[in-house]
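Hi,

Here is the structure I promised to pass on to you. My notes on the strands and helices follow below it, so you can read them with the model open.

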Amino acid sequence: MAPRVLIIRLSALGDILHALPLLDALKRQWPDAFIGWLTEPAGAGLLDGHPLIDRLHVVPRREWKANRWRALRGPLRALARDLRSQHYDTAIDAQGLTKSALWGLAARAPRRIGFAGRESRELAGLLNNERVLPAPDRLHVVERNLALLQPLGIQVRSNEIHFPVHIPAAARTRADCILGEDEAIPLIVMNPGAGWATKIWPPECYGQLARRLLEERPFRIALAWGPGEEPLVRAALAAAQAPPADFTLDTLPAGPGLSPLPATEFPELAAVIERATLFVGGDTGPTHLAAALAKPTVAMMGPLDARRNGPYGPGSVTIQHAVPRRAPWWANHRKWCDPRTDLRRVTVDEVLAACRAMLDRYAGPAAGASP
């Protein structure tokens, strides 16, 4: 009988991207396996319609956060029934939290694989019945996730790690409309936003970086943004002395210059990044997406250790001034940052040098060299 495996990785988008090699490795080892994935609504846009996923389950996160016990009697109970109906024999908890481990238990999977030691938080270590402690040399979270396959007899070498990012045809069509046919001018995508304030490089720095790149060579530079990030885009444009933002446009202006990207869903942004020559951003989902798509990526890392949580792959370079200390137990980890890795200390010159190096390496000297 073909294995039936449930991957549990609820959020955030960067973390879901870092778990995609699990999906790839399982399907390579067991092509006939039935693979389900449990995620939250934000991750569904990345995973919906994925050809390697046989069943996508979505946790109604808003109902859970608003009134968890009442929600358990309604949508969450229905989700638990749906999980049980799939008869998963194995659940892989790649999140390592109580809320993720509980779903493996709710699915009644006989084998519930999760992390051991410090990788397992809250009650996850008690709820999962097979626990894996990744080897010390598996430093990056991508490699630590893949260690969860060891109880299944699956070993993945570093040269076998693949990110099966699914970009729907409709998203590529939308990207074609946004970018048009202006292929002669190299496209650079910058993403000034992030989920935590401590992960945001000052937007004025993005504007200064864009201006200096444009002084060296004509580039088409697009500022990606999400809901609530419009002020960051405006600040970057002002610093670059570019025209004011028009967030109502459906297409990116033709020719060289700096402009906001039209509003996109995550799959559409993936299709745009797929056509970029270079991506620049902080520790956020679009940055990890660019790395997963093997695009040349420059990332500025703040409160989290780039060696563990940075964009993964040889086509990525991270800028971080020190290995960050862990947040004190009393601190809000979304607001606290080791002063040594405060992104306000990262200079435009540093990022510009990294961009030039990546352009020279992957796009040829003509794309990155100064006149």
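Strand β1 (residues 4-8) runs parallel to strand β2 (residues 34-39), and five bridges pair the two. Within this pair, Ile8 has Leu38 of β2 opposite it. Bear in mind that the model is predicted.

Both strands belong to an open sheet of six strands with parallel pairing, in the order β3-β2-β1-β4-β5-β6. At its edges are β3 (55-58) and β6 (130-132), each of which pairs on one side only. On average, neighbouring strands in this sheet are turned by 20° against each other, direction ignored.

Two helices to look at here are α1 and α5. Helix α1 (residues 13-29) lies across β1, β2 and β4 (90-93), and it runs at about 170° to β2. Helix α5 (residues 75-85) lies across β1, β2 and β3, at about 160° to β3.

What does β10 pair with? Strand β7 (residues 187-191) pairs with β10 in the parallel sense over four bridges, and β10 is also joined by four bridges to the parallel strand β11 (residues 297-300). Finally, β10, helix α13 (residues 285-292) and β11 form a right-handed β-α-β unit.

Technical notes: Residues are numbered from 1 along each chain as its sequence is written. This is a predicted model: local features need pLDDT of at least 70, side-chain atom pairs count only at pLDDT 80 or more; totals for chains, interfaces and linings use all residues. Side-chain values use heavy atoms; hydrogens and water are left out. Two strands pair if DSSP finds at least two bridges between them. Axes are lines fitted to C-alpha atoms, for helices over the stretch in contact, and angles run from 0 to 180 degrees between N-to-C directions. Contact means heavy atoms within 4.5 Å. A crossover is right-handed if, with the strands pointing away from the viewer, the path from the first strand over the helix to the second runs clockwise.
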